[in-house]
Amino acid sequence: IMDKFRMIFQFLQSNQESFMNGICGIMALASAQMYSAFDFNCPCLPGYNAAYSAGILLAPPLVLFLLGLVMNNNVSMLAEEWKRPPGRRAKDPAVLRYMFCSMAQRALIAPVVWVAVTLLDGKCFLCAFCTAVPVSALGNGSLAPGLPAPELARLLARVPCPEIYDGDWLLAREVAVRYLRCISQALGWSFVLLTTLLAFVVRSVRPCFTQAAFLKSKYWSHYIDIERKLFDETCTEHAKAFAKVCIQQFFEAMNHDLELGHTHGTLATAPASTAAPTTPDGAEEEREKLRGITDQGTMNRLLTSWHKCKPPLRLGQEEPPLMGNGWAGGGPRPPRKEVATYFSKV
């Protein structure tokens with residue numbers, strides 16, 4: 001079972017972009033289903049209709065957008081790259097922009113679906129703008145000038161609530177509802193068209209005009225992601241080897257103390273170095289995985305150094321010069337001798 005889970009996890013890692021697109025599609029469908037299951041209750045009060053409708057139209061998309069960012073694994077990578085000290089590797093703003101835009105494009109899918117469905121349904125728009133219906137054009141215009149403004153607003157605010165609306169003598173409710181829903185649906189389809197055109201421009205047209213910059217940003221974004229994963233894997237391997245050697249030393253020290261007849265209270269003071277390893281081959285292999293980092297203080301300094309001063313992106317040189325943006329390149333390189341080494345198995 002664990003092998004199957006490991007295979008699934010490796011598949012998701014290798015197809016992270018497709019996986020995130022699927023998650024965003026599921027969130028978009030979930031947002032549409034949430035709206036259909038949501039019980040919309042307009043307060044039908046002049047001072048509250050607009051605020052209630054604005055909350056329904058804007059608050060859920062904001063929550064869905066934040067959820068889309070939280071579910072993206074690259075958020076922490078972007079924050080780490082943005083806040084880290086430059087050290088010997090300067091930060092490239094173009095790469096940061098590319099990473100943020102890639103995450104934002106996926107996270108915006110569900111909010112866009114919510115806004116589009118809300119406008120196409122028309123209930124929210126009807127509740128928000130029912131007091132702005134032109135009574136003189138759609139209703140009995142001769143009676144409207146004689147009503148005080150607060151009374152007229154009170155009557156029109158009840159248009160979304162058929163059970164309490166009592167202004168048919170001034171304006172037929174069905175006329176006002178059809179008028180506002182028509183405008184809402186027109187805005188909804190216009191919103192869908194504009195977002196579709198914008199997505200087409202961003203995804204298809206923009207790389208054609210800035211292909212070189214786009215490829216550079218995409219490459220170094222992938223590099224940062226892969227570098228972080230490899231560093232985490234190396235740290236995990238080192239932690240496993242460190243824990244294994246530490247536990248082996250503890251058991252060897254305990255066995256040594258028992259052989260010498262020490263009491264249980266002196267186990268903590270017995271030197272671990274005097275114990276002979278029971279499995280020298282396995283212990284030597286684990287010590288090789290430690291890469292010389294054999295104590296907590298050294299490991300903490302290594303992690304701090306990795307955060308504050310990551311190595312420059314130029315291989316084969318100890319102190320490479322950096323360009324203005326800190327990425328590979330900048331000036332002619334000295335010629336290097338190519339050496340080929342062949343190994344044969346005997």
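User: Before we start, what does buried mean in terms of relative accessible area?

Analyst: Buried means under 20% relative accessible area, exposed means over 50%, and partly exposed lies in between. Please note that this is a predicted model.

User: Is Ser184 buried or exposed, then?

Analyst: Ser184 has a relative accessible area of 0%, which is under 20%, so Ser184 is buried.

User: Where does Ser184 lie, and what does Ser184 touch?

Analyst: Ser184 belongs to helix H10, which covers residues 173–209. Leaving aside residues up to four places away in sequence, Ser184 touches Thr118, Leu119, Gly122 and Phe125.

User: Let us follow Thr118. Where is Thr118, and is Thr118 buried or exposed?

Analyst: Thr118 is placed in helix H6, residues 109–121. Its relative accessibility is 1%, so Thr118 counts as buried.

User: Which residues does Thr118 touch?

Analyst: Not counting residues up to four places away in sequence, Thr118 touches Tyr35, Leu57, Cys124 and Ser184.

User: How many disulfides does the whole structure have?

Analyst: A search of the whole structure gives 2 disulfides. One of them joins Cys42 and Cys127, with the sulfur atoms 2.0 Å apart. The torsion about the S-S bond of Cys42 and Cys127 is about 75 degrees, so this disulfide is right-handed.

User: Which parts of the chain does that pair tie together?

Analyst: Cys42 lies in the loop between helix H2 (16–37) and helix H3 (49–70), whereas Cys127 lies in helix H7 (residues 123–129), so the pair ties together parts that are 85 residues apart in sequence. Cys42 counts as buried at 14% relative accessibility, and Cys127 is buried with a relative accessible area of 0%.

User: And what is the geometry of the link between Cys44 and Cys161?

Analyst: The sulfur atoms of Cys44 and Cys161 are 1.6 Å apart and form a disulfide. The link of Cys44 and Cys161 has 80 degrees about the S-S bond and is right-handed. Cys44 is in the loop between H2 and H3, and Cys161 is in the loop between helix H9 (149–157) and H10, so this pair ties together parts that are 117 residues apart in sequence. Both Cys44 and Cys161 are buried.

User: What pattern do the disulfides follow along the chain?

Analyst: Counting bonded cysteines along the chain, the pattern is 1-3, 2-4.

User: How are Phe125 and Phe129 placed in helix H7?

Analyst: Phe125 and Phe129 are 4 residues apart in helix H7, which means that about one helical turn separates them. Phe125 is buried, with a relative accessible area of 13%, while Phe129 is partly exposed, with 41%.

User: What is the arrangement of Phe231 and Trp306?

Analyst: The ring centres of Phe231 and Trp306 are 4.4 Å apart and the planes are at 5 degrees, so the pair is stacked. Phe231 lies in helix H11 and Trp306 in helix H13 (residues 296–308), so the pair ties together parts that are 75 residues apart in sequence.

User: Which residues do ring pairs link into a cluster?

Analyst: Ring pairs link Tyr219, Trp220 and Tyr223 into a cluster.

User: Last topic: at what angle do the axes of H4 and H11 cross?

Analyst: The axes of helix H4 (residues 74–83) and helix H11 (residues 211–260) cross at roughly 100 degrees and come within 11 Å. Because angles of 65 to 115 degrees count as roughly perpendicular, H4 is roughly perpendicular to H11.

User: Which residues make the contact, and of what classes?

Analyst: H4 contributes Asn74, Ser76, Met77, Glu80 and Glu81, and H11 contributes Ile224, Asp225 and Arg228. By class, the contact of H4 with H11 has 2 nonpolar, 2 polar and 4 charged residues.

Methods. Residues are numbered from 1 along each chain as its sequence is written. This is a predicted model: local features need pLDDT of at least 70, side-chain atom pairs count only at pLDDT 80 or more; totals for chains, interfaces and linings use all residues. Side-chain values use heavy atoms; hydrogens and water are left out. Axes are lines fitted to C-alpha atoms, for helices over the stretch in contact, and angles run from 0 to 180 degrees between N-to-C directions. Helices (H or I, at least four residues) and strands (E, at least two) are DSSP runs, numbered from the N terminus. Angles under 35 degrees count as roughly parallel, over 145 as roughly antiparallel, 65 to 115 as roughly perpendicular and the rest as oblique. Contact means heavy atoms within 4.5 Å. Ala, Val, Leu, Ile, Met, Phe, Trp, Tyr, Cys and Pro count as nonpolar, Asp, Glu, Lys and Arg as charged, and the others, Gly among them, as polar. Buried means under 20% relative accessible area, exposed over 50%, partly exposed in between (1.4 Å probe, protein chains only). A disulfide is a pair of cysteine sulfur atoms within 2.5 Å. Rings of Phe, Tyr and Trp (its six-membered ring) pair if their centres lie within 6.5 Å; planes under 30 degrees apart count as stacked, over 60 as edge-to-face and the rest as tilted.
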